[in-house]
Amino acid sequence: MSTLLPFLALLLAGAVAAYHRLPLVIWAALSATLLVAAALLGAGTVATVIAALLLALVAVPLLIPSFRLRRITAPLLAFYTKILPPLSDTERTALEAGTVGFEGELFSGKPDWQQLLSQPKPELTAEEQAFLDGPVEEVCRMTNDWEITHERADLPPEIWDYLKKHRFFGMIIPKEYGGLGFSALAHHKVIQKLASISSTLSSTVGVPNSLGPAELLLHYGTEEQKRHYLPRLADGREIPCFALTGPTAGSDATSIPDYGIVTTGKWGGAEVVGVKLTFDKRYITLAPVATVIGLAFRLYDPDGLLGGDKDRGITLALIPRDTPGLEIGRRHMPLNCMFQNGPVRGREVFLPLSQLIGGEDYIGHGWRMLVECLSVGRAITLPSTASGGSKLGAVVTGAYARIRKQFGLSIGRFEGVEEALARIASHAYAASALAQATAAAVDRGEKPAVPSAIAKYHATELGRQVAIDAMDIHGGKGIVLGPRNYLGRSWQAAPIPITVEGANILTRSMMIFGQGAIRCHPWVLKEMQAAQHPDPQTRLVEFDRNLFGHIGFAISNAVRSLWFGLTAARIGSAPGDAYTRPFYRRLNRYSANLALVADTSMLLLGGKLKFKEKLSARLGDVLSQLYIASAMLKRFEDEGRPVSDRPLLSWAMYDAIYKIEKALSGALRNFPIRPVGWLLWLLVFPWGRRAQEPSDRLGHRAASLLMSPGDARDRLARGVFLTPCANNPAGRIDAALPKVILAEPVERKFLKFVKSAECTALDFDGQLAQAVERGHLTAAEKEQLKELHALTWDAISVDDFDPADLESAALYRKRRVEKAA
């Protein structure tokens, strides 16, 4: 033992220093101190001397800056420069766009939870809340989604007018330009509420506030463009759209074939320098009704009229609808979700340079402009839409499952239905927390490139799963379309947010980890930038600082991963109380795991990693679930740690933890270099995978919350349209729930009578009359049961139609014309 003691002392010093990320000099001092202590405790002299020499061989060269720079860092810099994967301009732009928020901490292996918890609680201003309670509530009351999707294939004129009058299209436009000047949180809350009554309505409002030209004009437009367009966009005199995607480019927006040639032409009666545009775009939301079209294209200057290169890169322009040569107005029909969407085409459409967004100064900067601005919109519109649909689906499905009875029992009491209800409740909780977290990041001044991809992908996937489970529970109620059906169109529309703004498959497999691995990593981007610094001395010094910071970071994460794995993350500092602290500790563990596996992948695979999409997707899943779990914990803290929310948070957290371990397991079992995968498995899962899916007992508690009025259910429902009115069958069902529960004891007493020999009547009214006559019910209880019967019938009824009513208006008109002829 005396022989091993010095080496154990070195190992202990290294482990402690790595776990706590102590500076190199402190590690050396701690190692020396422990070696002295080992010697005093009787360690063998030879072993102590060998251990001391080993320490000196490592520490001394590293602690002498001039030697380290010349003999260690310089050769490593030369090697690194050779293996550094080339980045295209588009990749470089995507990596450098945006900012890094708390997601960077999650990639650090040692998250600073205080940074998350110290962020202010997201809250609306009085003006924003009044807008939600007033105009947003009113337009929801006006909305009849069946009329919109089946009869008109559009919003009715009065809703269009109402949206313009109350400046719904100008939420992000500052007040100085006539807009509402709302926060991103208010934007999120408005879209969330509108989505709970009609996805067509939420899309119509969402696009001008996220994907339309307003955001681009605010950041890059000339002052003249801002003064002209922003007030007109704010009050609805101009309806915008943005044309990016084309038939061949798809999700690869940098390969757009649409082009513009710099030339001269007529504009406003004068001969000016401008651009002749040829383009073919599709899937453009609001295009059929747009009056000003934002366009992305590649600009060429073959005659050198602007000077410089002939290929000037991706550029953005604004095209007025009445511009000669513009083809616009035809519509796509996206799965019966009848928001305005269609193609935009043009051949040699001439525009002056003044119609380029930002003018000549921003020629060729279009890709950077899009990446920076669209990440903000992607962080709000689609996550908020998914959140609104999920929250509505949760509370109404819970009410329906309590009201709807089969075999004399509420269907929500059956374990199969209960299992789906638990998923719905917790997925809605997660989607809501995720959508709010990304909106709050925008309000803090961030440009959340990576979180926006996480939010877009996972919120829409959670929303799709909620729609699946809600449809399964509703059965025939969900599949028969009509005015009473509040699920069918959402079910039909579920693939739309999955597809748009970057298809989810590509977002998961390429974007989340592809950007996050470099953008969120505390050292990789700094190393890349240092290696390309033009000054040789600065390049060497900066690379040295970042390289050894990275090495220490990697060693620390290996040690932390092993320690957390051995102890099941039960030991270690973490915030929170006795309930939440274990969750924070688990996330500390998985953060270290992610950093370790990501570092190893980047080191060994280099540029090939971008082609290992399954590996990237799984590591992206780990980062995503860490971010979602953090958002849920922050929400729980902001809400004052309500005890009644614990079943929702616990189910969602255990689900996230299970998904993290599943993703890490998949990454390691399929790691391209098998021996490395085995070694990483020992560090990450020293006792094997231990996480389990949420228990049935926990699922029972989560499902029960949806089927009974309470503060947890109210918090989950907050922010969606549940007013019980003629156009909102979902709101009527939700409002019926308390009355149904209150009548249940009387109903049980009545059903007992119906099954007895005393009851001879066969119809409901006759049975009620007999129950009162024979003293089993009072007159008041009879009225209560009649009301219960009416509420239940309203909840479970579906629509039926005369066959002629199901013909489309266009087909009906066509047949009338043919008949007349």
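These exercises work through charge pairs and surface patches in a predicted model.

**Exercise 1.** Which helices hold D621 and R508, and how far apart in sequence are the two residues?

Solution. 
- Start with the contact. The side chains of D621 and R508 meet in a salt bridge, at 2.7 Å from N to O.
- D621 sits in helix 26 (residues 613-638) and R508 in helix 22 (residues 504-519), so the pair ties together parts 113 residues apart in sequence.
- Check the burial of D621. Buried means under 20% relative accessible area. D621 has 14%, so D621 counts as buried.
- Check R508. Its relative accessibility is 26%, so R508 counts as partly exposed.

**Exercise 2.** Where do E787 and K739 lie?

Solution. 
- The side chains of E787 and K739 form a salt bridge of 3.2 Å, N to O.
- E787 is in helix 33 (residues 779-796) and K739 is in helix 31 (residues 729-754). The two are 48 residues apart, and the pair links distant parts of the chain.
- E787 is partly exposed, at 35% relative accessible area. K739 is partly exposed too, at 43%.

**Exercise 3.** Which helix gives the most residues to the nonpolar surface patch?

Solution. 
- List the members: L12, V16, L22, L24, V25, I26 and L63, with about 530 Å² of accessible area together.
- Find the elements giving two or more residues. They are helix 1 (5-20) and helix 2 (24-40).
- Helix 2 gives the most, with three residues.
- Take I26, which is found in helix 2. I26 has a relative accessible area of 40%, so I26 is partly exposed.

Technical notes:
Residues are numbered from 1 along each chain as its sequence is written. This is a predicted model: local features need pLDDT of at least 70, side-chain atom pairs count only at pLDDT 80 or more; totals for chains, interfaces and linings use all residues. Side-chain values use heavy atoms; hydrogens and water are left out. Patches are made of residues with over 30% relative accessible area and no salt bridge: like charges are joined within 9 Å, nonpolar side chains (Val, Leu, Ile, Met, Phe, Trp, Tyr) within 5 Å. Accessible areas come from the Shrake-Rupley method with a 1.4 Å probe; for residues, only the protein chains shown count as cover. A salt bridge is a side-chain nitrogen of Lys or Arg within 4 Å of a carboxyl oxygen of Asp or Glu. Helices (H or I, at least four residues) and strands (E, at least two) are DSSP runs, numbered from the N terminus. Buried means under 20% relative accessible area, exposed over 50%, partly exposed in between (1.4 Å probe, protein chains only).
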